[in-house]
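Walk me through this structure, please.

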There are 2 protein chains.
Amino acid sequence: MTDDDAMTDDGADRNEAPFSPAEHAELALLLEVAGTPKPGNVDRRRDFADLRFEHFLAGAVGARRGLDLAADGAPVGEAFERAVAGMAERQRGGNTQFGCLLLLVPLVRAADEGNLTPEGAADVAESTTVEDAVGFYRAFEHANVTVGDPPEGADDLDVRRGGEAIPALRKRELTLYGVMELSADRDGNAREWIGGFRRTFGAAEAILADDGPVLDRAARAFLTLLAEEPDTLVATQHGDAVAEAVSRRAAEARGDPDAVAALADDLVADGHNPGTTADVTAAALFVALERGVPV
Amino acid sequence: MTDDDAMTDDGADRNEAPFSPAEHAELALLLEVAGTPKPGNVDRRRDFADLRFEHFLAGAVGARRGLDLAADGAPVGEAFERAVAGMAERQRGGNTQFGCLLLLVPLVRAADEGNLTPEGAADVAESTTVEDAVGFYRAFEHANVTVGDPPEGADDLDVRRGGEAIPALRKRELTLYGVMELSADRDGNAREWIGGFRRTFGAAEAILADDGPVLDRAARAFLTLLAEEPDTLVATQHGDAVAEAVSRRAAEARGDPDAVAALADDLVADGHNPGTTADVTAAALFVALERGVPV
């Protein structure tokens with residue numbers, strides 16, 4: 001019973017409640033992975049050998065558990081851990097949306113509090129506790145996440161230790177915001193956390209000001225973000241020079257479909273995955289959805 | 001923080017609850033639309049002019065409201081109406097998954113009752129009430145659904161009248177199962193309802209017995225279903241002869257990627273949309289997910 005009759009209005013005659021922040025966050029995860037071309041990442045038209053499109057679909061559905069918790073006012077750390085556990089529960093691709101969720105959970109909380117602004121998101125981030133940091137560390141036990149080495153003198157806080165690092169967290173009385181401060185010099189998501197989600201809100205405004213189908217807007221937002229700042233996942237895996245070169249090529253390719261396609265092929269061939277840029281794109285899509293971008 | 005490290009186990013070391021029937025049903029909607037090639041339908045690699053992939057993503061997220069209701073034991077009609085309303089709420093493509101949901105809602109109820117079998121699904125269908133029929137008719141007010149003319153002497157029951165047909169339903173004391181009986185000769189989904197979801201369970205077993213990525217299995221299941229029986233949406237829109245010709249071509253194309261691709265191009269060019277076959281594919285994916293098909 002599928003047909004192609006388009007709705008001709010903007011929803012004025014519908015009697016259903018608008019999407020909740022949790023629904024918008026799940027949809028943002030789906031739109032992010034569907035947006036194409038998104039060079040170096042899985043998208044609607046590209047799979048990797050062991051990480052395929054359907055893994056992201058199942059990851060988004062599973063993450064909803066934690067997003068619902070966040071929208072209901074649960075602590076950020078608890079909601080994040082639940083989201084990551086659900087993400088990993090029903091697919092064999094491993095880590096699909098850990099970084100996206102790290103950005104989305106506080107944004108959903110800010111939306112739930114009626115203040116989805118840089119200030120509102122900063123408030124949520126700055127209000128996190130040691131228990132939120134505990135939830136964050138526990139989340140690493142659900143998925144194999146690529147991270148860099150911990151800061152000097154903080155080996156006891158290495159996230160790769162997962163739950164084993166919890167005593168050190170408690171001893172240092174480190175909040176989740178404090179954890180993000182320690183990582184901000186080398187992780188783009190942590191930088192969003194401590195900087196009022198500056199790039200997220202900027203990209204959301206660009207998506208809203210853009211035109212055409214939302215998946216095309218998502219792909220353009222990704223490329224703009226990649227062109228603007230080197231991706232920190234690429235830097236962690238391949239060094240700063242490679243990350244800077246990838247961003248230079250993205251800047252040159254913007255607006256030229258053939259150049260973007262060539263970049264996409266090269267990044268996959270070289271194993272360069274600008275995953276942090278995809279995370280910020282998902283977060284920006286969430287803000288844009290909350291602000292009414294049409295789908 | 002996305003990487004491509006695959007999980008090397010089948011979930012044994014995870015401490016999260018398995019997916020609920022509502023989660024599996026939403027995932028089935030997403031896997032159905034992502035499966036490609038699915039000739040004549042939107043899929044991961046094909047949009048129509050006014051009905052695009054992202055409309056289905058938003059439709060699946062919105063439908064979850066009603067799927068959750070069904071999984072919590074709500075009446076089928078109420079859950080179905082809520083699912084369709086949510087499906088239509090946040091996208092401008094119109095009817096994306098009405099038929100899928102008509103099959104999924106009773107199957108989710110059967111799964112919730114611990115009896116996701118042809119008998120269990122038949123029990124749910126046969127237990128529906130006049131109020132369930134009311135919910136079904138109300139659902140038509142949320143989406144523009146392509147249907148054929150009502151049976152002779154049943155103009156007062158034309159689903160295109162939506163809520164206006166409710167007095168006639170009550171006067172005739174017609175249950176939702178009774179409505180499906182009236183439509184079974186010309187609607188494949190109604191035939192599933194009154195026939196113990198025969199094709200759904202058969203296709204689910206084929207998906208489970210198949211191998212390779214689940215999206216490839218979904219595409220093969222679709223083509224097999226289309227080859228086996230003429231699609232009733234095509235028949236409603238273009239006549240029985242066209243529907244039979246489409247199925248013959250599907251049978252000839254099976255196993256030949258070039259022929260399948262040519263069929264896909266031709267169906268789109270001709271405006272032939274085997275949507276009911278896609279509905280049964282989604283339902284079969286749900287059963288396969290509940291029975292453990294890997295993602």
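The side chain of Arg65(B) reaches the backbone oxygen of Pro18(A) at 3.1 Å. That is a polar contact: a pair of N or O atoms within 3.5 Å, where, within protein, one must be able to donate a hydrogen and the other to accept it, and residues adjacent in sequence count only if both atoms are side-chain atoms. Arg65(B) sits in helix α2 of chain B. Helices here are DSSP runs (H or I, at least four residues), numbered from the N terminus. With 13% relative accessibility, Arg65(B) counts as buried. Buried means under 20% relative accessible area, exposed over 50%, and partly exposed in between (1.4 Å probe, protein chains only).

A word on the basis. This is a predicted model, in which local features need pLDDT of at least 70 and side-chain atom pairs count only at pLDDT 80 or more, while totals for chains, interfaces and linings use all residues. Residues are numbered from 1 along each chain as its sequence is written, chains are lettered from A and ligands numbered from 1 in the order in which they are written, and side-chain values use heavy atoms, with hydrogens and water left out.

Now take Arg65 of the other chain. The side chain of Arg65(A) meets that of Glu23(B) in a salt bridge, 2.7 Å from N to O. A salt bridge is a side-chain nitrogen of Lys or Arg within 4 Å of a carboxyl oxygen of Asp or Glu. Across the interface of chain B and chain A, the rule finds four salt bridges. Polar contacts between the two chains come to 19 residue pairs, both residues at pLDDT 80 or more.

Which helices of chain B supply at least two residues each to the side that touches chain A? They are α1 (21-34), α2 (53-71), α3 (76-89), α4 (98-112), α11 (214-228) and α15 (275-290). Helix α2(B) gives the most, with 10 residues. By class, this side of chain B has 29 nonpolar, 21 polar and 24 charged residues. In this sorting, Ala, Val, Leu, Ile, Met, Phe, Trp, Tyr, Cys and Pro count as nonpolar, Asp, Glu, Lys and Arg as charged, and the others, Gly among them, as polar.

The contact takes 74 residues from chain B and 76 residues from chain A. Contact means heavy atoms within 4.5 Å. The area buried between the chains is about 6600 Å², and carbon and sulfur atoms give 51% of that. Buried area is the accessible area (1.4 Å probe) that two parts lose on being put together, summed over both.

Glu54(A) belongs to this picture. Glu54(A) is found in helix α2 (residues 53-71) of chain A. Its relative accessible area is 1%, so Glu54(A) is buried. The Glu54(A) side chain makes a polar contact with the side chain of Arg52(A) at 2.8 Å. Neighbours within four places in sequence aside, Glu54(A) is in contact with Leu31(B), Pro213(B), Val214(B), Leu215(B) and Val295(B).

Next, look at Ala70(B), in helix α2 of chain B. Ala70(B) counts as buried because its relative accessibility is 0%. Ala70(B) and Pro106(B) are 36 residues apart in sequence, but 7.7 Å apart in space, C-alpha to C-alpha. Beyond four places in sequence, Ala70(B) is in contact with Ala79(B), Val105(B), Val108(B), Arg109(B) and Asp112(B).

Then the core. The largest nonpolar core has 184 residues. Such a core is a set of buried Ala, Val, Leu, Ile, Met, Phe, Trp, Tyr and Cys residues joined through side-chain atoms within 4.5 Å. Those with the most contacts inside it are Leu67(A), Phe136(A), Phe286(A), Leu67(B), Phe136(B) and Phe286(B). Among the residues that Phe286(A) touches, those up to four places away in sequence not counted, are Pro21(A), His24(A), Leu104(A) and Leu116(A).

Last, the salt bridges. Arg64(A) forms one with Glu26(A), the closest N and O atoms being 2.7 Å apart. Arg64(A) lies in helix α2 of chain A and Glu26(A) in helix α1 (residues 21-34), so the pair ties together parts that are 38 residues apart in sequence. Both residues, Arg64(A) and Glu26(A), are buried. In chain B, Arg170(B) pairs with Glu131(B) in a salt bridge, with closest N and O atoms 2.2 Å apart. Arg170(B) is partly exposed, at 40% relative accessible area.
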